Amino acid sequence: MRATLDIRDAGFIDHDGIKKMLEAGRLASREDVEEILAEAQKAKGLSMPQVAALLQVQDPDILELMFREAKGVKEKIYGRRLVLFAPLYISNYCINNCRYCGYKKSNATLARRRLTMEELRDEVVALESMGHKRLALECGEDPVNCPIDYVLEAIETIYHTYSGISGSIRRVNVNIAATGVKEYRMLKEAGIGTYVLFQETYHEPTYRFMHPSGPKSDYLWHLTAMDRAMEAGLDDVGIGVLFGLYDFNFEVMGIIRHAEHLERCFGVGPHTVSVPRLKPAYGMNLEEFPYLVSDDDFKKIVAILRLALPYTGIILSTREGPAFRDQVIELGVSQISAGSCTGVGAYSKTGKDALPFEDSSQFQVEDHRSPDEVVCSLARSGYIPSYCTACYRSGRTGDRFMQLAKSGKIQYVCAPNALLTFKEYLMDYASPETRQTGEEAIKEHLQEIPSEVLRGQVKMYLERIERGERDLFI
Ligand code: SAM
């Protein structure tokens, strides 16, 4: 890691600069755009002016070309593997008043709860029994009801909750409110995977409007959170925008600028970019948000992010419905959530005990398929559903991960480890139908491993998993 926060770069979202680049982008000719797309194929990323030009594309033929190239770039780097995870909401206490969020303080009738460690264990066992190996821990911001010590205890509990033959959570990513270097160091010591925080909107006036009170209302504190996280040694960070709060063109430029900033100051860009789209939530009305993003624009956003940030994971959540998710995954997405609940305690409380939506949920999800249905559908579409956590556990984080990705060698670990974790899933959790589909898929993908030696090793590991061994990785 290079230096501590470069203070001259602290207000790094230059609003006028971004607006000027977007205006200049409007002047790009068809030839200019084709040239940019040709360059994007090299998987070296794109500059902000190039991104501004791509954002203006409306021509359906060029959009099709862009979509094909985005898919090509993702597969060139990561192959057909698609990583699966689930969010786990541990507390919905919140002292902020984000206009879009079901957890906002002014939602006075929302049943506030935080999980006891016993309830948390029940949630983890429920998630493990779906086959999950990586979680994103989520909570509202409340230093009294959900202090950092509680979050740390929750992380430890999650890592120490085991069930069945392979039920264990191997990577906990954490999405908690912006905090200080000291707290980020504690998260680092607790062994978290990625620290995730969405900027929500990079547009400062909109940010101020959307976050009228509470600690989150401080735009610069929120904007520089990843700098503090990096300074604390958390070198895998995940950024994102809540699409629908402001003009998506500005937001995409903000994401690229944020990535450039982290690369410039710390020598490594974001590990992931999330693309949540605004959905209905308790106590908010979508009609009050004039910048909602259409499906077509959303696809363009994902494709451009893939071309501009070829080595960064792109995360698509269950906020999107199944059919649309299938389309968007094709545009370069590398991680998806599955079987998600956004309520506190909602995984273990099912059937007659299920919590009503307005009881504790943060927002509505649209993909209600079980992880098994998602896994089966992915396998049928030629993807390798992956529960892999090998890079993080082998110390390949931050720039070590990026170097491997940039050298083109990441596929030699990604596809094999995806196959091994997929095999474990099939052995321990799959329905008979998914198991049959998956076993056939594994045979096919095994043949795609280019090196004979590696293929032999993977085959041997698959047999060992068949005989009962678990958690093997390359
Ligand atoms: N408390 C942390 C913070 O302040 O950043 C974690 C945030 S929350 C648990 C996770 C994310 O859900 C938010 O960052 C926001 O982008 C998203 N979210 C909130 N309300 C939403 C809605 N109505 N539709 C879609 N996503 C929403």
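View 1. A nitrogen atom of the ligand is 3.0 Å from a backbone N or O atom of Cys 139. At Tyr 100, a polar backbone atom lies 2.9 Å from a nitrogen atom of the ligand. A polar contact is a pair of N or O atoms within 3.5 Å; within protein, one must be able to donate a hydrogen and the other to accept it, and residues adjacent in sequence count only if both atoms are side-chain atoms. The model is predicted: local features need pLDDT of at least 70, side-chain atom pairs count only at pLDDT 80 or more, and totals for chains, interfaces and linings use all residues. Residues are numbered from 1 along each chain as its sequence is written, and side-chain values use heavy atoms, with hydrogens and water left out.

View 2. An N or O atom in the side chain of Glu 200 lies 2.5 Å from an oxygen atom of the ligand. On its own the ligand has 580 Å² of accessible area, of which the protein covers 97%. Accessible areas come from the Shrake-Rupley method with a 1.4 Å probe, and for residues only the protein chains shown count as cover.

**View 3. The shell around the ligand.** There are 22 residues around the ligand, and Tyr 100, Cys 139, Glu 200, Lys 279 and Arg 319 come nearest. A residue is near a molecule or strand if one of its heavy atoms lies within 4 Å of it. The shell divides into 13 nonpolar, three polar and six charged residues. Here Ala, Val, Leu, Ile, Met, Phe, Trp, Tyr, Cys and Pro count as nonpolar, Asp, Glu, Lys and Arg as charged, and the others, Gly among them, as polar.

**View 4. Asn 107 and its contact with Tyr 282.** Asn 107 is in the loop between strand 1 (81–91) and helix 5 (117–128). Helices (H or I, at least four residues) and strands (E, at least two) are DSSP runs, numbered from the N terminus. The side chain of Asn 107 reaches the backbone oxygen of Tyr 282 at 2.8 Å. With a relative accessible area of 8%, Asn 107 is buried. Buried means under 20% relative accessible area, exposed over 50%, and partly exposed in between (1.4 Å probe, protein chains only).

**View 5. Ser 334 and Glu 75.** The loop between helix 13 (322–329) and strand 8 (335–337) holds Ser 334. Ser 334 counts as buried because its relative accessibility is 1%. From C-alpha to C-alpha, Ser 334 and Glu 75 are 9.4 Å apart in space, and they are 259 residues apart in sequence.

View 6. Most residues other than glycine have a negative phi. Ala 43, a residue other than glycine, has a positive phi near 60 degrees. Ala 43 lies in the loop between helix 2 (30–40) and helix 3 (48–55) and is buried, at a relative accessible area of 4%. Asp 471 is not a glycine either, and its phi is positive at about 60 degrees. Asp 471 is found in the segment after helix 20 (452–466) and counts as partly exposed at 30% relative accessibility.

**View 7. Val 453 in helix 20.** Val 453 is located in helix 20. Its relative accessible area is 69%, so Val 453 is exposed.
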